[in-house]
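Welcome! Here is a short tour of the structure shown below, starting at the ligand and then moving through the sheets and helices.

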Amino acid sequence: MDKDYWKDIYSKQSEGERPSLFAQYIATTFQLSGKRIIELGCGNGRDAIFFANANANVTAIDQCDNIIELLDGRFKKVNNLTFKCLDFTCLDDMMPFDFVYSRFTLHSISKGQEQKVVKWAHRNLNPYGKLCIEVRGQKNEIFQVGIPVEGEPDAFILNDHYRRFLNFESFCDELKTIGFRIDYAKEEKGFAPYNGTNETYIRIIASKQE
Ligand SMILES: C[S@@+](CC[C@H](N)C(=O)[O-])C[C@H]1O[C@@H](n2cnc3c(N)ncnc32)[C@H](O)[C@@H]1O
């Protein structure tokens, strides 16, 4: 979904920005050196590069071949950072990770795909590995703005861009049912101020329980 939207953005602007506040929060909360991290939907790679600079072993994937080719070329010689062009909703199982990191990506996919992704994350984490998610929820300021998507009650198209807004409580319940313990979960402002706006987002860190 929305692949052309993102490819178009990356064809015009591929330069990394500063790491997100979420990535900085993860790096100050956990010891990342030597840990295996996979980023689902890495975009211009700013957070993946930041984690690699903290000496984590990072695999970063995105569906957009243009940005992945560019990042792969730029970081080919960096041993602890790999970029791959893949769809994160249909990944094969891999060697287990210590962290599965997804920032602003779960609202790009349908409910069914999201359920598949969190189950994949649970299977592909080490015991007590962390699932780290930042995403738009139903307290987000543009929830229900735009054209409703038929058959998907929480999804809307705004400016030709699909977004599905997660229900905070039911998403936490879904994670617990799969076998995660919720370590941190909030839906509030302050997580991602951008260009003078300060919208409400969900931030969750959950640990895989054996
Ligand atoms: C809002 S951007 C976030 C980029 C990055 N995580 C950040 O916070 O800077 C969403 C990214 O997710 C990617 N994406 C969305 N759905 C995807 C999918 N099914 N598989 C792989 N990448 C996907 C898009 O191509 C886009 O680069």
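## Around the ligand

In this predicted model, 18 residues surround the ligand, and the closest are Tyr10, Gly41, Asp62, Asp87 and Arg103.

If you are setting up a pose, three of these come with polar distances. An oxygen atom of the ligand sits 2.7 Å from a polar side-chain atom of aspartate 62. For arginine 103, an N or O atom of the side chain is 2.6 Å from an oxygen atom of the ligand. With aspartate 87, the ligand contributes a nitrogen atom, which is 2.9 Å from a side-chain N or O atom.

## The seven-stranded sheet

Seven strands make up an open sheet with mixed pairing, in the order β3-β2-β1-β4-β5-β10-β9. β3 (81-85) and β9 (180-188) are the edge strands; each has a single partner strand, so one side of each has no neighbour in the sheet. On average, neighbouring strands here are turned by 15° against each other, with direction ignored.

Within this sheet, β1 (residues 36-40) and β4 (residues 97-103) pair in the parallel sense over three bridges. Isoleucine 37 stands opposite phenylalanine 99 in β4.

## Helices across the sheet

Two helices lie across strands of this sheet. Helix α3 (residues 46-53) lies across β1, β2 (57-62), β3 and β4, and runs at about 155° to β3. Helix α6 (residues 168-178) lies across β5 (125-135), β9 and β10 (201-208), at about 170° to β9.

## Where two helices meet

Two packed helices are described by the angle between their axes and the distance between the axes. For helix α1 (residues 3-12) and helix α4 (residues 65-75), the axes come within 8 Å and cross at roughly 40°, which means α1 is oblique to α4.

Lys7, Tyr10 and Ser11 make the contact from α1, while Asp65, Asn66 and Ile67 make it from α4.

## The three-stranded sheet

Three strands form another open sheet, with antiparallel pairing and the order β6-β7-β8. Its edges are β6 (147-149) and β8 (161-164); each has a single partner strand, so one side of each is left without a neighbour in the sheet. From one strand to the next, the twist averages 35°.

How many bridges join β7 and β8? Strand β7 (residues 152-158) pairs with β8 in the antiparallel sense over four bridges. Phenylalanine 156 has arginine 163 in β8 as its bridge partner.

Methods
Residues are numbered from 1 along each chain as its sequence is written. This is a predicted model: local features need pLDDT of at least 70, side-chain atom pairs count only at pLDDT 80 or more; totals for chains, interfaces and linings use all residues. Side-chain values use heavy atoms; hydrogens and water are left out. Two strands pair if DSSP finds at least two bridges between them. Axes are lines fitted to C-alpha atoms, for helices over the stretch in contact, and angles run from 0 to 180 degrees between N-to-C directions. Angles under 35 degrees count as roughly parallel, over 145 as roughly antiparallel, 65 to 115 as roughly perpendicular and the rest as oblique. Contact means heavy atoms within 4.5 Å. A residue is near a molecule or strand if one of its heavy atoms lies within 4 Å of it. A polar contact is a pair of N or O atoms within 3.5 Å; within protein, one must be able to donate a hydrogen and the other to accept it, and residues adjacent in sequence count only if both atoms are side-chain atoms.
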